[in-house]
There are 2 protein chains.
Amino acid sequence: VARTGRRPGESGTREAILDASRAAFARVGYASATIRGIARDAGVDPALVHHYFGTKEGLFRAAMQLPMDPAHVVEEVLAGPRDGLGERLVRLFLLVWDSDEANPTLLGLVGSALSHEAAAAMLRDFVGEELLGRVARALDVPDARLRASLLGSQMVGLAIVRYGIRLEPLASASPDQVVAAVAPTVQRYLTGPITHPPA
Amino acid sequence: VARTGRRPGESGTREAILDASRAAFARVGYASATIRGIARDAGVDPALVHHYFGTKEGLFRAAMQLPMDPAHVVEEVLAGPRDGLGERLVRLFLLVWDSDEANPTLLGLVGSALSHEAAAAMLRDFVGEELLGRVARALDVPDARLRASLLGSQMVGLAIVRYGIRLEPLASASPDQVVAAVAPTVQRYLTGPITHPPA
């Protein structure tokens, strides 16, 4: 039977919340969007948003169809020896991006960030603070924010060149080859020297 | 006096050639586009295209409003001591991108490459082969193409994070700070170890 739409039921409500959240994230950015405001826009109780999606981060992830849970990514990368941070981060990145379903959404997010300020703000807040910023801060190193943004530059560039533009041979390189080449960069950005010695 | 448009004169002809070339580069990519085909589309003699723009590379640069001449970039980067390659490349990159007029065009090119295959092909051919490929090949190192694509990943990512998304503090870092952080990456991608030692 066709749905009549008057009372949309659970999946309709979820979709209304996701639509409202995408609009809010695009309009005011990740940091400024609130569960309360999104719930109001979707015409539901905030408790229902929490019930379906947990935190704002969970809502964002569902709205953007992101395949990974940032808290989990951070935990995985930080577990294990400090000199293996670069390798673990690159391996996890490849695992997420090599899955076909993930990468059109993620590339679309980067693409729209280049033309829309709100999408740029969203990516800045989310990738910079929630994802890479957390890793860098957890390491107790100087210049954690600069390290996070340098890390962002290599990872965003790797995503675009390997999956977006598909520049060979990086596009077809095996995960081991990519790790061998890129993990030392990531390791240095996280824990190595990134400034000139003081004069 | 207003231009009547019947016989457009030099600037109209130049524009017609540029329009035809942008369409051709977008349709078939940089490598497959020909001066002959572009001249035909613009309704002019191929000799006139050569007269105004020199080579296909000059035409591409004019069509995309690129501020730099790739041959000049390659020459500048290669001149001087080998262990200063990374620093020279990053400094030149910052010089080009820090100029306000350049970067909307360049970011637009990257953005459209994420949604249009022809734009992706154009960027692959041009950045991969004409620009970074030339540098890597001139160095007489193993894995020159892999090195060029790794270099591309860091430079594209730096462009997007510093100028597109504007993730702080990398967005506001001084050229010296960026060089200190990123030049070692570029130097290793060009001349350092990028593969695991053979087992």
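This is a predicted model: local features need pLDDT of at least 70, side-chain atom pairs count only at pLDDT 80 or more; totals for chains, interfaces and linings use all residues.

Modeller: Happy to! Residues are numbered from 1 along each chain as written, chains are lettered from A and ligands numbered from 1 in the order written, and side-chain values use heavy atoms, without hydrogens or water.

Our spot is A:Ser21. You'll find A:Ser21 in helix 1 of chain A, residues 9-28 (helices are DSSP runs of H or I with at least four residues, strands runs of E with at least two, numbered from the N terminus). A:Ser21 is buried, with a relative accessible area of 0%. Which residues does A:Ser21 touch, once neighbours within four places in sequence are set aside? They are A:Ile38, A:Leu59 and A:Ala63, where contact means heavy atoms within 4.5 Å.

Now look at A:Val44, in the loop between helix 2 (35-42) and helix 3 (46-53) of chain A. Although A:Val44 sits in a loop, A:Val44 is buried, at 17% relative accessible area. Not counting residues up to four places away in sequence, A:Val44 touches A:Thr13, A:Ile17, A:Ala39 and A:Val49.

Step back to the whole of chain A. Chain A has ten helices and zero strands. Of its 199 residues, 55% count as buried. Among contacts in chain A with a separation of 6 or more, 64% join residues 24 or more positions apart.

Over in chain B, helix 4 covers residues 56-63, and its buried residues include B:Glu57, B:Leu59 and B:Ala63. After helix 4 of chain B comes B:Gln65, which has a positive phi near 55°.

How do the two chains meet? In chain B, 41 residues are in contact with 41 residues of chain A. The copies meet through the same surface, because 100% of the interface residues of chain B are also interface residues in chain A. Together the chains bury about 3500 Å², 68% of it on carbon and sulfur atoms; this is the accessible area (1.4 Å probe) that the two parts lose on being put together, summed over both. On the side of chain B that touches chain A, the elements giving two or more residues are helix 7 (102-115), helix 8 (117-138), helix 9 (144-164) and helix 10 (175-191) of chain B. Helix 9 of chain B gives the largest share, 13 residues. By type, that side of chain B has 22 nonpolar, twelve polar and seven charged residues (Ala, Val, Leu, Ile, Met, Phe, Trp, Tyr, Cys and Pro count as nonpolar, Asp, Glu, Lys and Arg as charged, the others, Gly among them, as polar).

Finally, the symmetry. A rotation of 180° with 0.0 Å of shift along its axis superposes chain B on chain A, with an RMSD of 0.1 Å (least squares on C-alpha atoms of residues with pLDDT of at least 70 in both). The two copies are therefore related as by a two-fold rotation axis. In chain B, the residue that comes closest to the rotation axis is B:Gly157, with its C-alpha at 1.8 Å.

Terms used
Buried means under 20% relative accessible area, exposed over 50%, partly exposed in between (1.4 Å probe, protein chains only).
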